[in-house]
Amino acid sequence: MKAAVSKVVGEENVLDVREKAMIGEDFAFFLKLRPGSFFLVGACPDDCWENGKTTVPHHSPQFDFDEKALEIGVLSWLELVRHRLLDG
């Protein structure tokens, strides 16, 4: 997935974060059954960051979703599928 996302946004824009985060997903249960990865595409606009943290929580009515994240997510999945079908 990291290689696919890197092709979409550039390797310099991909962070490999291995620290634990309270994201609130049950994804760990899926990983017990199959290998996988969890990736975030960054839906916070550039102006909502301060000192490396978002100034408005994602689940707040004041959060302004950056719709570029949708395109990044779709293109990343398409690149992963292309890689798995053609290169893998």
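Predicted model: local features only at pLDDT ≥ 70, side-chain atom pairs only at ≥ 80, totals over all residues.
1. Let's start with F65, a residue that is partly exposed, its relative accessible area being 39%. You will find F65 in the loop between β2 (53-54) and α3. Setting aside neighbours within four places in sequence, F65 is in contact with A43 and L70.

2. Now for the overall layout. The chain has three helices and two strands, and from the N terminus on these elements run α-α-β-β-α. Along the principal axes, the C-alpha atoms fill a box of roughly 40 × 30 × 20 Å. Of the 88 residues of the chain, 19% count as buried. The chain exposes about 7,800 Å², and carbon and sulfur atoms supply 56% of that area. Among contacts between residues at least 6 apart in sequence, 47% join residues at least 24 apart.

3. Which residues make up the largest nonpolar core? That core has five residues, namely A43, C44, C48, F63 and A69. In soluble globular proteins, nonpolar side chains tend to be buried together.

4. L40 lies in the loop between α2 (27-33) and β1 (49-50). Is L40 buried or exposed? L40 has a relative accessible area of 63%, so this residue counts as exposed.

5. After α1 comes G10, whose phi is positive, near 95 degrees.

6. The salt bridges come to a count of four. One of them joins the side chains of K2 and D16, at 3.6 Å from N to O. This pair links distant parts of the chain: K2 sits in helix α1 and D16 in the loop between α1 and α2, 14 residues apart. How accessible are the two partners? K2 is partly exposed, with a relative accessible area of 46%, and D16 is also partly exposed, with a value of 44%.

7. A second salt bridge to inspect is the one K7 forms with E79, where the closest N and O atoms are 3.5 Å apart. It again ties distant parts of the chain together, with K7 in helix α1 and E79 in helix α3, 72 residues apart. K7 is exposed, at a relative accessible area of 54%. E79, by contrast, counts as buried because its relative accessibility is 15%, under the 20% cut-off. Not counting residues up to four places away in sequence, E79 touches A4, K7 and V8.

8. E79 has another charged partner: the side chains of E79 and R82 meet in a salt bridge of 2.8 Å, N to O. Why are these two about one helical turn apart? E79 and R82 are three residues apart in helix α3, which means about one helical turn separates them. An α-helix has 3.6 residues a turn, so residues three or four places apart point the same way. R82 counts as partly exposed, at 28% relative accessibility. Salt bridges that share partners join K7, E79 and R82 into one network.

Definitions and conventions: Residues numbered from 1 in each chain as written. Heavy atoms only, no water. Helix = DSSP H or I, 4+ residues; strand = E, 2+ residues; numbered from the N terminus. Buried < 20%, exposed > 50% of the residue type's maximum accessible area, 1.4 Å probe, protein only. Core = buried A, V, L, I, M, F, W, Y, C linked by side-chain atoms within 4.5 Å. Contact = heavy atoms within 4.5 Å. Areas by Shrake-Rupley, 256 points an atom, 1.4 Å probe, with all protein chains shown as cover.
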